[in-house]
Amino acid sequence: LKSFFVRAYRAVRAPPSAAMAQNNIPALLNHLDAHRESATLSLAYASIGDEGAAEVAKFVRDNPFVKYLDLRGNNIQAKGITALANGIKLNRSLRSLNLKWNSIGRDPAGIVALCTTLKSNLTIGHVDLRNNRINNMGARSIGEMLTVNTTITHLDLSWNDLGVDGGLALLDGLKHNTTVIDCQLSGSKVGDETLHEVAFLLRRNRASAAYKSSPDDSGAKVAAADPATSHIAGGGPTANGAMKSRDLQFGGTAGGGAAPGGGATIGGGGADGGKPPQGGISRAQWTAKDSSSLMLRLMMKEREQVLPEDKLFYQQIAEHIDKLLLESGKHKNGRVEGEDRERVSTQGFVEREQRYTREIRQTEEALQKAIADKENGQKDLASKQAELQRLNAENAQGIRESVALQEQATAEEQQLRQELRDIVQSKRDLQDKLSLNQKDLDLLQQENERLRQHVKSFQRDVNEILA
């Protein structure tokens with residue numbers, strides 16, 4: 001099993017050849033053209049390389065629709081990410097950027113180009129840079145970017161070789177950042193102390209974000225009125241009196257349990273049998289913003305403690321409350337989604353029923369028309385079959401006549417061949433007779449010539465005798 005995962009990891013991380021990347025460019029251009037008006041552009045594990053990233057940069061630069069860009073597992077390096085950063089610089093619609101499983105950190109110039117663009121970007125909220133070979137130099141660039149950026153809320157740097165120095169540089173950037181509420185650093189070797197500091201800063205940012213979403217909430221006002229937490233809340237509204245800042249006392253019991261550092265209750269559990277303390281907030285009136293102010297004061301209490309066990313105690317309380325808040329948010333979202341689905345399903349029931357009735361009526365009309373067409377087709381088929389039978393009979397008669405004509409022609413041909421053979425034989429006989437007659441003629445001519453000679457000789461002899 002281990003060897004299988006090793007092979008899979010190597011297959012994903014293996015850089016594609018230049019020929020493969022070149023062959024993918026036409027397909028990439030067709031894909032980009034087909035998704036020009038889509039909100040999501042996914043090219044996960046498409047092996048586009050730096051050349052493909054340059055084409056994606058041109059697409060993103062001129063596209064006002066794309067919001068989610070997924071380029072994971074494409075072996076994008078410094079050249080490709082630099083081109084992509086130039087394209088993102090002119091884009092005003094992108095919300096999420098997924099670049100995990102690439103190699104943009106191998107050359108520091110690539111991560112520097114990306115961070116330079118993100119410094120002035122006002123739309124991207126989610127950035128995933130997992131497993132990109134980012135070292136401490138790249139972490140320094142990311143930290144500098146976080147000191148300026150005000151839109152990124154979720155940042156994933158897991159499985160990069162940031163090291164302790166890189167973790168400190170990143171921590172320094174987060175100290176000046178108030179928008180990042182989630183920063184994943186699994187497997188980045190930044191050190192436990194840095195992880196605790198980052199977790200504290202993220203809790204601070206989450207509490208601050210919850211406060212800023214509704215500063216008029218009662219819990220937010222209490223947190224802002226307390227000098228110990230007002231600076232974390234971002235300088236929120238001040239309370240009208242000193243007593244208002246002490247409505248909630250933390251470090252005591254929650255639900256009746258004892259804890260070091262104080263003795264006030266939250267939402268009941270006191271000696272009066274569950275009644276809220278005078279001037280406090282009852283459990284029925286407790287809201288998410290009250291929880292945010294609670295988190296703010298817990299963080300300040302944690303900072304005020306001297307003993308490590310007390311620090312750890314408050315840190316565990318804060319983490320537990322943070323988990324409860326996250327779970328509560330998930331449950332609320334699930335309930336809202338369920339209500340929306342139920343509302344949509346019930347609202348569309350009558351419309352669906354009417355639409356189904358119309359469709360059934362249309363289907364019945366189409367069925368009647370199809371039956372009529374079928375009957376007409378059967379009549380046409382019967383007439384065509386009769387015509388076909390007639391044509392088959394005519395064809396058979398024509399075949400019979402053709403066979404008879406062929407037989408007659410064959411007999412005549414044989415007769416003609418025989419006559420031709422007889423003529424040829426007669427010709428040969430005549431030629432033989434002609435040759436014999438020619439020979440006889442030649443003999444007669446020779447004999448005639450001999451007799452002429454003999455007559456001439458005889459005449460000469462007679463003339464000599466007479467003379």
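Glu-319 is partly exposed, with a relative accessible area of 31%. This residue sits in helix H11, which covers residues 308–466. The model is a predicted one.

- Glu-319 and Phe-200 are 119 residues apart along the chain.
- Their C-alpha atoms are separated by 9.4 Å.

**Helix H4**
- Helix H4 spans residues 78–89 and has 12 residues.
- From its first C-alpha to its last, H4 reaches 16 Å, close to the 16 Å expected at 1.5 Å a residue.
- The buried residues in H4 are Ala-78, Gly-80, Ile-81, Leu-84, Ala-85, Gly-87 and Ile-88.
- An α-helix has 3.6 residues a turn, so residues three or four places apart point the same way.

**Loop residues with positive phi**
- Most residues other than glycine have a negative phi.
- Arg-133 has a positive phi, near 60°, and is not a glycine.
- Arg-133 lies in the loop between strand S4 (126–128) and helix H6 (136–148).
- Its relative accessible area is 37%, so Arg-133 is partly exposed.
- Lys-189 is not a glycine either, and its phi is positive at about 60°.
- The loop between strand S6 (182–184) and helix H8 (192–213) holds Lys-189.
- Lys-189 is exposed, with a relative accessible area of 62%.

Terms used. Residues are numbered from 1 along each chain as its sequence is written. This is a predicted model: local features need pLDDT of at least 70, side-chain atom pairs count only at pLDDT 80 or more; totals for chains, interfaces and linings use all residues. Side-chain values use heavy atoms; hydrogens and water are left out. Helices (H or I, at least four residues) and strands (E, at least two) are DSSP runs, numbered from the N terminus. Buried means under 20% relative accessible area, exposed over 50%, partly exposed in between (1.4 Å probe, protein chains only). The expected span of a helix is 1.5 Å times one less than its number of residues.
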